[in-house]
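Let's take a friendly walk through this structure, one stop at a time. Have the viewer open and follow along.

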Amino acid sequence: MLHRLRISTYGGEYRTSTQCPYCLSTNEDTIDLGDLEVNEYTDEVQVRAKDYNKKRSNKKGDSALLFTVQFLIDTVDGEKLDPVRKEEFVENLPMMDVNYIMAHSTKLNEKVGLNTDLTVMCDVCGLEYHTTFREGSEFFRPTIDI
Ligand SMILES: [Zn+2]
């Protein structure tokens with residue numbers, strides 16, 4: 001069965017650290033990607049999910065990857081899935097489709113990384129400076145506070 005997926009970059013917040021050019025302090029900032037309007041960067045991919053009745057695949061081992069793919073998927077055939085159904089859907093995706101989704105996501109991230117200028121106010125000296133947000137590895141693995 002063919003499914004049309006809408007995938008999007010993560011909404012929400014990302015941490016970045018920048019150095020103030022005036023006092024050389026390091027500022028930890030949280031960037032709301034919604035403010036950067038990157039949520040508009042979505043893409044559609046078509047995947048061929050396996051029959052739900054089939055035995056669970058052996059992808060269990062790579063749960064981090066599956067978790068990421070679940071994050072990326074916005075809708076399936078125009079429908080928002082609840083977390084349980086989405087997990088089931090992703091677990092049933094052929095590995096080829098998982099890789100395909102990740103490749104699209106990388107493309108989205110490249111767009112996001114272009115010329116995203118930010119104005120940061122230094123926590124220490126209070127002066128404002130400009131910087132450019134480029135997502136690092138955290139983009140795929142947001143830091144989670146425990
Ligand atoms: Zn400063």
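Keep in mind as you look that the model is a predicted one.

How do the two helices sit against each other? In general, a packed pair of helices is described by the angle between the axes and by the distance between them. Here H1 covers residues 63-72 and H2 covers residues 83-91, and they pack at an angle of about 120° with their axes 10 Å apart. Angles from 65 to 115 degrees count as roughly perpendicular and those over 145 as roughly antiparallel, so H1 is oblique to H2. The crossing of H1 past H2 is right-handed.

Now turn to Val-47, which belongs to strand S4, residues 42-48. Is Val-47 buried or exposed? It has 22 C-beta neighbours inside 10 Å, and the threshold for a buried residue is 20 or more, so Val-47 counts as buried. Setting aside neighbours within four places in sequence, the contacts of Val-47 are His-3, Leu-5, Leu-93, Asp-97 and Tyr-100. One of these, Leu-5, is 42 residues away from Val-47 along the chain, yet their C-alpha atoms are separated by 7.3 Å.

Next comes Gln-19, found in strand S2. With 14 other C-beta atoms within 10 Å, Gln-19 is partly exposed. Beyond its neighbours within four places in sequence, Gln-19 touches Leu-24 and Thr-26 in the sense of a residue contact.

Leu-24, a contact of Gln-19, deserves a stop of its own. It sits in the loop that joins strand S2 (13-19) and strand S3 (26-32). Its phi is positive, about 65°, although Leu-24 is not a glycine. Leu-24 has 10 other C-beta atoms within 10 Å and is therefore exposed.

Asp-77 is located in the loop between strand S5 (73-76) and H2, which brings us back to the helix where we started. With 11 C-beta neighbours inside 10 Å, Asp-77 counts as exposed.

Methods. Residues numbered from 1 in each chain as written. Predicted model: local features only at pLDDT ≥ 70, side-chain atom pairs only at ≥ 80, totals over all residues. Axes fitted to C-alpha atoms, helices over the stretch in contact; angles between N-to-C directions. Helix = DSSP H or I, 4+ residues; strand = E, 2+ residues; numbered from the N terminus. Parallel < 35°, antiparallel > 145°, perpendicular 65-115°, else oblique. Left-handed = near helix turned anticlockwise from the far one by under 90°. Buried ≥ 20, exposed ≤ 12 C-beta atoms within 10 Å, placed from the backbone. Contact = placed C-beta atoms within 7 Å.
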